[in-house]
Amino acid sequence: MTYYAVNFCGRSIVLIGMMGAGKSSVGRCLQRRIHVALLDTDKIVASKSEMSISELFAKRGEEEFRKLETEALRSLPTAQQAIVVTGGGIVLRKQNLELLKRLGVVIWLDGDEETLFQRASRSGKRPLLHGTNPRQAFAQMLKARLPLYAKAAYLRIDTSVLTDEEVAVAILSKLKRFARGAEEGPASATAS
Ligand code: S3P
């Protein structure tokens with residue numbers, strides 16, 4: 001049996017994916033349905049540093065943010081079931097991959113590049129998109145991260161044409177099917 005088959009029942013649902021994938025909103029939809037704690041690494045970092053993520057990037061730089069992000073991930077409980085929402089760059093540090101997996105089932109919210117970019121740039125609150133060519137920066141980040149998301153995740157959901165509610169429903173029905181043993185292993189674990 002795989003790590004996941006043994007562990008994901010009763011463990012956390014961990015959402016990863018690029019900025020704009022809808023991790024926070026889908027996390028809230030999941031919480032409304034399954035009533036467990038909703039934990040968010042960005043919120044933990046912001047509260048610990050007493051700064052918004054944008055301020056933290058501006059005052060202390062990305063490296064410091066990444067350090068605090070790993071600390072936040074490490075601080076999450078492994079014995080309590082929760083929904084864990086992560087920042088888009090969580091997969092950049094190798095050590096984070098193990099920390100993610102020990103929490104529960106890691107789910108990659110994906111989407112087509114243009115849709116993700118349009119959603120991500122809407123809020124204006126993402127420091128990595130504040131440069132002179134955000135579209136190009138986004139494309140480069142996505143290209144570098146795709147294999148990392150694929151490596152970290154057990155399930156991939158294409159969110160491009162789904163509402164947040166539909167994504168939440170897709171996640172829960174996939175997990176239910178896995179729990180019943182209807183599907184086995186990461187190879188068959190792609191939903192859209
Ligand atoms: C980042 C994504 C952000 C936040 C930070 C860095 C990234 O979170 O963690 O701005 O590197 O992709 P969201 O994915 O929630 O936007």
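## Basis of the description

Helices are DSSP runs of H or I with at least four residues, numbered from the N terminus. The model described here is a predicted one.

## The largest pocket

Several helices contribute to the lining of the largest pocket: helix H2 (23-34), helix H3 (41-49), helix H4 (53-75), helix H6 (113-122) and H8 each supply at least two residues. The largest share comes from H4, with 6 residues.

The volume of the largest pocket is about 930 Å³. Its lining comprises 38 residues, of which Met19, Ser24, Asp42, Ser123 and Arg126 are the closest to the centre of the pocket.

## Paired strands

Strand S4 (residues 104-110) is mostly covered, with 7 of its 7 residues buried. S4 runs parallel to strand S1 (residues 12-16), to which 5 bridges join it. Within this pairing, Ile13 has Val105 of S4 as its bridge partner.

S4 is also joined to strand S5 (residues 155-158), by 4 bridges, and these two strands run parallel as well. Here Ile107 has Leu155 of S5 as its bridge partner.

In soluble globular proteins, nonpolar side chains tend to be buried together. In this model the largest nonpolar core has 47 residues, and those with the most contacts inside it are Ile16, Ile107 and Ile171. Helix H8 (residues 164-179) provides the largest share of this core, 7 residues.

The surroundings of Ile107 can be set out individually. When its neighbours within four places in sequence are left aside, Ile107 is in contact with Ile13, Val14, Leu15, Ile16, Leu155, Ile157, Ile171 and Leu175.

## Thr86

Thr86 is located in the loop between strand S3 (82-85) and helix H5 (94-103). Thr86 counts as buried because its relative accessibility is 3%, and the cut-off for a buried residue is under 20%.

The side chain of Thr86 reaches the backbone oxygen of Leu15 at 2.6 Å. Leaving aside neighbours within four places in sequence, the contacts of Thr86 are Val14, Leu15, Ile16, Lys23, Thr41 and Leu100. One of these, Ile16, is also listed among the residues with the most contacts inside the largest nonpolar core.

How values were computed
Residues are numbered from 1 along each chain as its sequence is written. This is a predicted model: local features need pLDDT of at least 70, side-chain atom pairs count only at pLDDT 80 or more; totals for chains, interfaces and linings use all residues. Side-chain values use heavy atoms; hydrogens and water are left out. A nonpolar core is a set of buried Ala, Val, Leu, Ile, Met, Phe, Trp, Tyr and Cys residues joined through side-chain atoms within 4.5 Å. Buried means under 20% relative accessible area, exposed over 50%, partly exposed in between (1.4 Å probe, protein chains only). Contact means heavy atoms within 4.5 Å. Two strands pair if DSSP finds at least two bridges between them. A polar contact is a pair of N or O atoms within 3.5 Å; within protein, one must be able to donate a hydrogen and the other to accept it, and residues adjacent in sequence count only if both atoms are side-chain atoms. On a 1 Å grid over the protein atoms alone, a cavity is a set of points where a 1.4 Å probe fits but cannot get out, and a pocket is an open set with protein on both sides within 12 Å along at least five of seven lines; lining residues have an atom within 4 Å of a point. Grid points are joined across faces, edges and corners, and a volume is the space filled by probe spheres set on the points.
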